[in-house]
Amino acid sequence: MKVTPRTLEESQEAEARELLERRAARLREQGESAVEEAVHWIAEFPLGEERYALSLESLRAALPLKMVSAVPLSAPHVVGVLRFQGQVLAALSLASLLGGHGWRQDPAVLLVVDRGDGELCALDCEAIPRPTTLPVSAVEAARVRAEGAVMEVFTQDRQLIHLIDLKRLFSATRGAGARHAR
Amino acid sequence: MPVDPMLQGLVAGFAVEAQEVVQKVTMDLLELEREGLETDALTKLYVRLGRHLHTLKGSAASLGMQDLSDIAHKLEDALAPLKSNPQKMPRPVVDVLLHGLDLFLLRAQAHADGRGDALPDPAAALAQLVADAPPPEEAAAMGASGVAAVSAPVAAPAPEPVSVPDAMPESSDAGWRVSAWQVTALMREVERLREVRLRVEERGRELERAAQLLAKQGLLAETAEARTALSGTARSLRTDGEETSDIVDALEEGLKAITTRPVRTILDPLQRMVRDLSRQLGKEARLSVVGAEVSLDRRLLEKLQGALVHLLRNAVDHGLELPADRERAGKHHEGALTLRVEQQGNLLYLEASDDGAGIDVETVRRLAEQRGVVTAEETARFNENQLRDLIFRPGFSTRTDVTDTSGRGVGLDAVRASVEGLQGRIEVASTPGQGTRFMLTLPTDLGSSPVLVVRVLEQLVGLPMLAVEATQLARAESLRLGKRRAHLEYQGQLVSVVDLGARLGLRALAPPAEGQPLLIVQSGGKRVALVVDAVVGDRDLVIRPLPSEVRDVPAWQGAATLSRGELLLICRPDWLVTETVQVQVTAQRRALVVDDSLTARALHRAMLEAGGFTVHLAASGARALDRLATDTYDVVICDLDMEEMDGIQLIAKLRERPETASLPVILVSAHDSSVARERGLRAGADGYLSKRECAAGRLLAEVLDVMSRRGSRA
């Protein structure tokens, strides 16, 4: 016997339950058919001619690049300062930090990231990054090989991604922060 | 000795009360040790001391803590011979009394914690106390002669600073128990309200401007009603803004009352520590405090206490000389330590100074090299301030042996770490033979600071109002222009003229133009006349600390949020009045980067500076023309696609002017087509780079190439 829902809320609730059940069934099928490999979630974006990424767990927010106040006499990689959730953060030029020379387009986005020491900062970027995954095994192998803050990781389709280790990047730049008054 | 379980509940309260009484007794003892007190003052102190000790004895006995009562009794005994003939208290007696008080407090706390059963028999400690005390007649004689006739016992090791409990334990009707995060959240809301008030003020100004614009249209009769309505709303908004301001102030006062306590509450243990340590080292020291009444966040005070202990211990151990050495140097035998506390807005200034020997920079250099803190090559490049700052490096110590006090190379680096952990900064100044000053600047959560907002080119800059003595307009008759610098005649004195734009590296140095605003800025007894392009107005702002990436830039104190949410950098007045080293700029090539993208400007600047250029920036074509009218450049790097005036239009303007007709210009564009390239070169550009080419590292090479081609053509 089919029971007709009596109210709108009950009808919506029933639809939601059905949807969730369908999703659960789909996930169960995937689990049975595919052998899953452990993956590392990353936020991928273009920098100049290359593809770069940072660990998704370090990304706190992506903001439009505005309301940044320049800081005269600061280090060359400092674009300025901005306010984020009541805090004053530094906006840094990622290209400059990585020893790059520029972007293909003027950056329009700021990525608020955890530097690895609990402090936040913002990095400029051409576009909002794309969330994607890398096999953990490839990331670990690249980490062993890498000497600096950038690890070269190949995706399954042989694409090269430069994965940035923020902790290493900022420990390398620490101490080179200030340029003294001229 | 166990306490009656029935009375145990009262013992905790007694321990708290005892701490307070012991602190008072300690301060009285330190006072009695001083020379030069009048007999009346001495009598009062002895009476008060006796009363306090008696209170301790009576209260302890009434709660059944006989051990504590016995200790207090012995202390009364030690005091008795001096009470009858009030005079300066001999140091051995003070030592015994302080030692006894430490013992008393330790045992009181143990009783309060329910550990009374485990306490050792007090007999031995009491016997030691009696043995240490000079015989009554000797104590009186010592007091009369004013000299310590017997060898002073070694002072007992100073206990860890005793923290004063915030309040009596809460009972259900005493109030509310709130957590720190709840109060912090309230503080954030107050800060937001302060920003809302700024926005309300801004809206009021906008309404007034709108009413004025309508009046300028000339249709006075037709717009009368609208103007009246606008003016009325502006007035109401002003009143609302004032009321909001009052509410913000009241909320802040309320929060302050909850979250702060006077600095003096952490001073008593410091006084005691200075006294004990100087005794231990055979020195004489007196700690004076200015600003003890300033109330600070309790958490900040607790965190600062450790840093202050370090600084004062350091001052006694390393700074102050032995009494005989001081007298030989023409100083008073007693060293002066001063702790100065001042809060301006939401910034706390704390200064710990001594009048000792000062820091010997050469010794610091030698020891830092010996201990491997730095290499000789590094120190060869350091100036005097950088050498002095080596004392903050981990592993640095001037002690050649490890003592109880120092020598382990752990100290000032820990102080700096704790100050930086509070988002503050620490600096040191020292004069050989005269002493050393440590200056701490720390942000606090509450309070706002009056700030004068000025503009230099496109950059808004805030100046703490307290540093601005006067404002005036530049007049040729009051300026004295020299070859290298200008001076202003101000109140019968010649004051150096400092161009804020040049000082911030935004433009080349030039004397002030007629009518340009000049601000008389003072700091630490020095004054300069600061040249700015415009005075925007004064604001009441919350100054926040800068992030670590820019915290070490000496020009900036912090940043404050303006009404539209943008940040305003606040300049440090002491940096403005400091003489700068004359940099050889003649040999450096100069580039002007014109781009409406902040990040592109920053990136081009970084690359050109790495190539040895002095770089100035402009955010638009119009700004670039202004800059080129007053400064000279070797090359201009210009974005092709800018609003209002694009790169092609800017080149056309430059080529019209004889002085810039042959100035090398490189266009930079996101367009990478041959059509765009040809269009740019046809317009008069000397070079054209796509952003893709810039990304590939071509900018510097192109700049050098273009300059060389222009040079050979010339």
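Tutor: Two residues are in contact if their C-beta atoms, placed from the backbone, lie within 7 Å. Keep that in mind; this is a predicted model.

Student: What makes up the contact between chain A and chain B, by number of residues?

Tutor: Chain A gives 43 residues and chain B gives 42 residues. On the side of chain A that touches chain B, strand 4 (78–84), strand 5 (87–92), helix 2 (94–97) and strand 7 (120–125) each supply at least two residues. Strand 4 of chain A has the largest share, 6 residues.

Student: What classes of residue does the side of chain A that touches chain B have?

Tutor: It has 22 nonpolar, 14 polar and 7 charged residues.

Student: Why are strand 10 and strand 11 of chain B called edge strands?

Tutor: Start with the sheet. It is open, has 6 strands and mixed pairing, and its order in chain B is 10-14-15-13-12-11. Strand 10 (468–473) and strand 11 (479–481) each pair on one side only, so they are the edges. From one strand to the next, the twist averages 30°.

Student: How do you know that strand 11 of chain B pairs with strand 12 of chain B?

Tutor: Pairing needs at least two bridges. Strand 11 and strand 12 (residues 486–490) of chain B are joined by 3 bridges, so they pair. They run antiparallel. B:Leu479 has B:Leu488 in strand 12 as its bridge partner.

Student: Which residues is B:Leu312 in contact with, leaving aside neighbours within four places in sequence?

Tutor: They are B:Leu270, B:Met273, B:Val274, B:Leu287, B:Leu337 and B:Ala352. Each pair therefore has its C-beta atoms within 7 Å.

Student: What makes up the secondary structure of chain A?

Tutor: Chain A has 4 helices and 10 strands. From the N terminus, its elements run α-β-β-β-β-β-α-β-β-β-α-β-β-α. Of its 182 residues, 36% are buried. Among its contacts between residues at least 6 apart in sequence, 53% join residues at least 24 apart.

Definitions and conventions
Residues are numbered from 1 along each chain as its sequence is written. Chains are lettered from A and ligands numbered from 1 in the order in which they are written. This is a predicted model: local features need pLDDT of at least 70, side-chain atom pairs count only at pLDDT 80 or more; totals for chains, interfaces and linings use all residues. Axes are lines fitted to C-alpha atoms, for helices over the stretch in contact, and angles run from 0 to 180 degrees between N-to-C directions. Ala, Val, Leu, Ile, Met, Phe, Trp, Tyr, Cys and Pro count as nonpolar, Asp, Glu, Lys and Arg as charged, and the others, Gly among them, as polar. A residue is buried if 20 or more other C-beta atoms lie within 10 Å of its own, exposed if 12 or fewer, and partly exposed in between; C-beta atoms are placed from the backbone.
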